[in-house]
Amino acid sequence: MKEIRMVDLQTQYQKIKQEINEEIQKVLDSSAFINGPAVQKFQADLEAYLQVKHVIPCGNGTDALQVSLMALGLQRGDEVITSTFTFIASAEIIALLGLTPVLVDVRPDTFNMDVEAVRKAITPKTKAIIPVHLFGQCAHMEEILKIAKEHHLFVVEDACQAIGSHYRFSDGSSRMAGTMGDFGCTSFFPSKNLGGYGDGGAIFTNDDELARKARGIVNHGMFVRYYHEMVGVNSRLDSLQAAILDVKLKHLDDYVVARKRAAAYYDKAFSSCPELETPHTAPFSEHVYHQYTLRLKKGNRDKLIAYMNEQQIPVMIYYPVPLHEQKAYQDPRYRKGDFPVSEQLCSEVISLPMHTELDEEQLAYICDHLKKAVELCQ
Ligand SMILES: *Cc1c(COP(=O)(O)O)cnc(C)c1O
């Protein structure tokens with residue numbers, strides 16, 4: 001059996017090696033390393049794929065979020081709502097810009113932002129909401145957009161884990177993750193669903209003026225060469241990454257199919273295991289399984305993980321600590337117990353190996369051992 005990894009980028013690369021290497025060679029031959037034709041092409045191809053008016057490539061997903069908030073012109077002290085059960089970047093950039101992160105709890109089924117909690121968290125200072133489409137499934141965007149409209153708030157989607165996921169509105173129309181809010185952000189970190197071979201990210205928007213601002217901000221606030229209209233940053237997607245990503249974009253739909261196949265295998269294997277709760281899929285969102293995350297409803301998780309690791313099966317905890325309990329984000333407004341769902345999730349979740357290259361032999365091995373581990377850890 002092939003070695004089991006959380007993410008198997010080696011095997012995936014072997015299958016597209018020739019295409020990738022040719023495109024890398026073209027960039028090397030052209031020496032157009034920054035903002036070269038490869039970046040322009042990837043941008044246009046991603047705009048077409050997502051059916052969004054503007055894609056602004058940048059250095060990474062965290063920068064994408066930061067630049068979005070900068071382009072919205074938020075001021076010190078403005079409040080931005082996001083969930084407490086997420087990767088740190090979603091709150092980090094709020095704090096970094098001198099804005100106030102306002103945390104809300106998530107739903108126990110989808111792990112996404114609880115819409116009622118968002119309503120309750122709104123104050124006169126609230127300016128924006130950052131819904132995180134966690135693990136590959138969109139938050140309840142229809143409701144979030146409705147709340148934002150009622151209260152004149154901006155919406156910046158953190159779609160770093162959900163690129164390629166379709167969201168269905170109640171009128172039957174469908175949009176892709178990251179293209180529904182004022183801005184959407186994604187990451188091309190290697191392990192993401194559309195991952196490069198280094199850092200990368202992008203901002204999406206359908207608003208011409210916001211696109212112009214974001215494009216200026218990623219380039220030192222420069223709109224006309226050496227004339228700086230606003231304070232910006234230096235955040236670029238380099239041509240090599242763009243060339244690699246453009247090849248991988250063509251495979252993204254197939255990659256989603258492969259992830260769903262692995263998820264379906266897991267779902268079936270654990271359906272008769274009451275100690276494990278398999279991921280729920282909301283009726284309004286496709287799940288593209290950036291992670292396959294179970295809840296261990298009964299048993300000792302540390303013991304279970306130790307057993308799995310002994311069998312050479314990596315498993316991970318995304319995430320062990322909610323944002324409001326992180327040392328850097330201590331805030332007198334929040335204490336342990338304030339966000340019971342997130343806190344419970346942090347103590348129960350287990351993410352299994354999830355990538356495009358899992359074969360049946362590996363899946364069967366993982367499932368058999370996880371079932372044994374569940375028994376042993378009771
Ligand atoms: C990966 C990730 C980010 C940050 O992306 P980077 O490219 O690593 O900066 C932000 N938010 C979420 C939810 C992520 O998973």
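Modeller: Arg-5 has a relative accessibility of 25% and is therefore partly exposed, a class that lies between buried (under 20% relative accessible area) and exposed (over 50%), with a 1.4 Å probe and protein chains only. Its side chain meets that of Asp-8 in a salt bridge, 3.4 Å from N to O; the term requires a side-chain nitrogen of Lys or Arg within 4 Å of a carboxyl oxygen of Asp or Glu. Asp-8, in contrast, is buried at 2%. The model is predicted, so local features need pLDDT of at least 70 and side-chain atom pairs pLDDT 80 or more, while totals for chains, interfaces and linings use all residues. Residues are numbered from 1 along each chain as its sequence is written, and side-chain values use heavy atoms, without hydrogens and water.

A salt bridge of 3.3 Å, N to O, joins Asp-78 and Lys-127. Because Asp-78 lies in the loop between helix 3 (61-71) and strand 2 (79-83) and Lys-127 in strand 4 (residues 126-130), this pair ties together parts 49 residues apart in sequence; helices (H or I, at least four residues) and strands (E, at least two) are DSSP runs numbered from the N terminus. Asp-78 is buried at 11%, whereas Lys-127 is partly exposed at 30%.

Arg-212 and Glu-209 also meet in a salt bridge, at 3.4 Å from N to O. They are 3 residues apart in helix 7 (residues 208-217), and therefore separated by about one helical turn. Arg-212 is partly exposed at 37%, and Glu-209 is partly exposed at 39%.

Finally, a network of salt bridges links Glu-116, Arg-119, Glu-143, Lys-146 and Glu-150. The count comes to 23 salt bridges.
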